[in-house]
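Hi,

Here is the structure I promised to pass on.

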Amino acid sequence: MSSESDVRMIDSCASPAADVCAVETTRQQMPSGTASRELADLFRMLGDASRVRILSALLVSEELCVCDLAAVLDSSESAVSHALRLLRMSGIVRSRRLGK
């Protein structure tokens, strides 16, 4: 079990000066502001269980129509269609029209 003093040690730096080499190496490997925003948007899309389930189903089957996805997920076609529209607008999935 940690004590309050352990927390203070973690919250503060024991060294009076930063490790310049470690800071610069880490800074160079960090994603840009644009890439960070894109990742945050992706994580937001993945923050919904229904969308994650849709993506999981598509990973298994590669391609399913809305009615098949609805059947797999025990969900309404309108709910699946809405989730797919969000995934499509974010560039995570692509659509293809077949039939009539």
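Some bookkeeping. This is a predicted model, so local features need pLDDT of at least 70 and side-chain atom pairs count only at pLDDT 80 or more, while totals for chains, interfaces and linings use all residues. Residues are numbered from 1 along each chain as its sequence is written, and side-chain values use heavy atoms, with hydrogens and water left out.

On confidence: pLDDT is the predictor's own score for each residue, from 0 to 100. The protein chain averages 86, and 84% of the residues score at least 70. Helix H1 (residues 4–11) has the lowest confidence, with a mean of 52, and H5 the highest, at 96. Where pLDDT is low, the predicted coordinates should not be read in detail. Helices here are DSSP runs (H or I, at least four residues; strands would be E, at least two), numbered from the N terminus.

Now the charged pairs. There are 3 salt bridges in the structure, meaning a side-chain nitrogen of Lys or Arg within 4 Å of a carboxyl oxygen of Asp or Glu.

- Asp 41 pairs with Arg 44, with the closest N and O atoms 2.5 Å apart. Both sit in helix H3 (residues 33–45), 3 residues apart, or about one helical turn. Arg 44 is exposed, at 53%.
- Glu 24 pairs with Arg 27 at 3.8 Å between the closest N and O atoms. These two are also 3 residues apart, about one turn, in helix H2 (residues 20–29). Glu 24 is partly exposed at 35%, and Arg 27 is exposed at 57%.
- Glu 63 pairs with Arg 96, the closest N and O atoms being 2.5 Å apart. Glu 63 is in the loop between helix H4 (49–61) and helix H5 (66–73), and Arg 96 is in the segment after helix H6 (77–89), so the pair ties together parts 33 residues apart in sequence. Arg 96 is exposed, at 53%.

As for the greasy side, what forms the nonpolar patch on the surface? Leu 39, Leu 42, Phe 43, Leu 46 and Val 52 do, with about 400 Å² of accessible area together. Patch members have over 30% relative accessible area and no salt bridge; nonpolar side chains (Val, Leu, Ile, Met, Phe, Trp, Tyr) are joined within 5 Å, like charges within 9 Å. Areas are Shrake-Rupley with a 1.4 Å probe, and for residues only the protein chains shown count as cover. H3 supplies the largest share, 3 residues. Val 52 belongs to helix H4 and is partly exposed, at 34%.

Then H5, where Leu 69, Ala 70 and Leu 73 are buried. Seen down the axis, the buried residues of H5 fall within an arc of 100 degrees (taken from the directions from the helix axis to the C-beta atoms), so they line one face of the helix. Their cover includes H4 and H6.

Leu 58, in helix H4, is buried at 17%. Beyond its neighbours within four places in sequence, Leu 58 is in contact (heavy atoms within 4.5 Å) with Glu 63, Leu 64, Leu 69, Leu 84 and Val 93.

Cheers

Terms used:
Buried means under 20% relative accessible area, exposed over 50%, partly exposed in between (1.4 Å probe, protein chains only).
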